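Dear colleague,

Please find below the structure that I am handing over to you. My notes on it follow.

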Amino acid sequence: MRRALSVASSFPEDVPVGAVVFDSSGTELAAAGNEREATGDPTAHAEILALRRAASRTGSWRLEDCTLVVTLEPCTMCAGALVLARIGTLVFGAWEPKTGAAGSLWDVVRDRRLNHRPEVYSGVLEAECADLMRGFFRR
Ligand SMILES: [Zn+2]
């Protein structure tokens, strides 16, 4: 999570969210911050970029043994993408009550109708992750 926090502020004009994908041995495969403002791409959330980069590095869209660590509870798009990537474990920091899809507003990652459900750990370094968001929106 510390690594995710460090990449969260890569693009100062973007909402500070950082995501990192690790393989089963704990090796970092990819990391990304939000690049929506930087690239003008509405889908350029940190999680999507980290998943794409990890898949391109491993040469497979299946990231079954991998862990996605992200500073903020994923939205519906990102939760859907990590289920499609068969991510083994999701770890997130702060809860996002307005758009969260990992337990807040929706629970896409634990929906029994889907064929894959990652293991989920929430609230990791929650205070630091939430502070980063609060600091951004105060500016
Ligand atoms: Zn998202």
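**The largest pocket**

Twenty residues line the largest pocket, and Val15, Leu72, Glu96, Thr99 and Met133 are those nearest its centre. A pocket here is an open set of points on a 1 Å grid over the protein atoms alone, where a 1.4 Å probe fits, with protein on both sides within 12 Å along at least five of seven lines; lining residues have an atom within 4 Å of a point. This is a predicted model, in which local features need pLDDT of at least 70 and side-chain atom pairs count only at pLDDT 80 or more, while totals for chains, interfaces and linings use all residues. Residues are numbered from 1 along each chain as its sequence is written, and side-chain values use heavy atoms, without hydrogens and water.

Helix 5 supplies the largest share of the pocket lining, four residues (helices are DSSP runs of H or I, at least four residues, numbered from the N terminus).

**The zinc site**

The zinc ion is coordinated by His45 (ND1), Cys75 (SG) and Cys78 (SG), at 2.0 to 2.3 Å. Donors are N, O and S atoms within 2.8 Å of the metal (3.2 Å for Na, K and Ca); water is not among the atoms, so the site may look incomplete. Along the sequence, the donor residues follow the spacing H-x29-C-x2-C. Cys75 counts as buried because its relative accessibility is 16%, and Cys78 likewise at 0% (buried means under 20% relative accessible area, with a 1.4 Å probe and protein chains only).

Yours sincerely

Note on methods. Buried means under 20% relative accessible area, exposed over 50%, partly exposed in between (1.4 Å probe, protein chains only). Helices (H or I, at least four residues) and strands (E, at least two) are DSSP runs, numbered from the N terminus.
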